[in-house]
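This report is for a reader who has not seen this structure before. Please look over the sequence and the model before reading on.

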Amino acid sequence: MISTYDLREKEIINITDGRRLGYVSDIEVNLEKGRIEALVLPGPGKILNFFGKENDYLITWSEIKKIGVDVILVALKDEIIIKEEEDGKNE
C-alpha cells in the first residue's frame, strides 16, 4: 500500500527520454470507480503550487510504468518542455 504522501516524495522520470519531470503535486481520483486516474505535476513557473491549475501536467495512470522506492517511471509520448529549457532555447 502507498499513501499520497509517499507519492509526493517520489521524483517522476520519463523513460522515453530520461528526463526528470519533477514531483507529484496532486492526484486525480475517480470517486465512482475508487481509483487514481492521474498524477498532477506543477506546470512551468508555478511557485509553491500557487496560481491555479491551468498549466499543470497530467500523467494518466496508464502512462505510469513502475512505482519504485525513490522514483516513479512513466512513458510519455509527448515531450514536456520545462520553462527553464524553453528559455534557454531562445538565447
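What follows covers the chain as a whole, then its sheet, its core, its salt bridges and one valine.

The model is predicted: local features need pLDDT of at least 70, side-chain atom pairs count only at pLDDT 80 or more, and totals for chains, interfaces and linings use all residues. Residues are numbered from 1 along each chain as its sequence is written, and side-chain values use heavy atoms, with hydrogens and water left out.

**The chain**

Two helices and seven strands make up the elements of the protein chain. Helices (H or I, at least four residues) and strands (E, at least two) are DSSP runs, numbered from the N terminus. Read from the N terminus, the order is α-β-β-β-β-β-β-β-α. Of the 91 residues in the protein chain, 27% are buried; buried means under 20% relative accessible area, exposed over 50%, and partly exposed in between, with a 1.4 Å probe and protein chains only. The protein chain has an accessible surface of about 6700 Å², and 52% of that belongs to carbon and sulfur atoms. These areas come from the Shrake-Rupley method with a 1.4 Å probe; for residues, only the protein chains shown count as cover.

**The sheet**

Four strands form an open sheet in the order β2-β1-β7-β6, with mixed pairing. Two strands pair if DSSP finds at least two bridges between them. Strands β2 (20–23) and β6 (64–67) stand at the edges with a single partner strand each, so one side of each has no neighbour in the sheet. Strand β1 (residues 11–14) pairs with β2 in the antiparallel sense, over three bridges. Within this part of the sheet, glutamate 11 stands opposite tyrosine 23 in β2.

**The core**

The largest nonpolar core has twelve residues, among them Leu7, Ile12, Leu21, Leu39, Leu41, Tyr57 and Val74. Such a core is a set of buried Ala, Val, Leu, Ile, Met, Phe, Trp, Tyr and Cys residues joined through side-chain atoms within 4.5 Å. Two or more residues of this core come from each of β4 (35–41), β5 (57–60) and β7 (71–74). Leucine 41 is in contact (heavy atoms within 4.5 Å) with residues including Ile12, Leu21, Val24, Tyr57 and Ile59, leaving aside its neighbours within four places in sequence.

**Salt bridges**

The count is three salt bridges, where a salt bridge is a side-chain nitrogen of Lys or Arg within 4 Å of a carboxyl oxygen of Asp or Glu.

| Arg or Lys side | Asp or Glu side | N to O distance |
|---|---|---|
| Arginine 20 | Glutamate 11 | 3.9 Å |
| Arginine 19 | Aspartate 17 | 3.4 Å |
| Arginine 35 | Glutamate 37 | 3.5 Å |

Aspartate 17 is partly exposed at 39%. Arginine 35 is partly exposed with a relative accessible area of 44%, and glutamate 37 is partly exposed at 30%.

**Valine 29**

Which strand holds valine 29? Valine 29 lies in β3 (residues 26–30). Valine 29 has a relative accessibility of 43% and therefore counts as partly exposed. Not counting residues up to four places away in sequence, valine 29 touches Arg35, Ile36 and Glu37. Valine 29 and leucine 39 are ten residues apart in sequence, and their C-alpha atoms are 9.1 Å apart in space.
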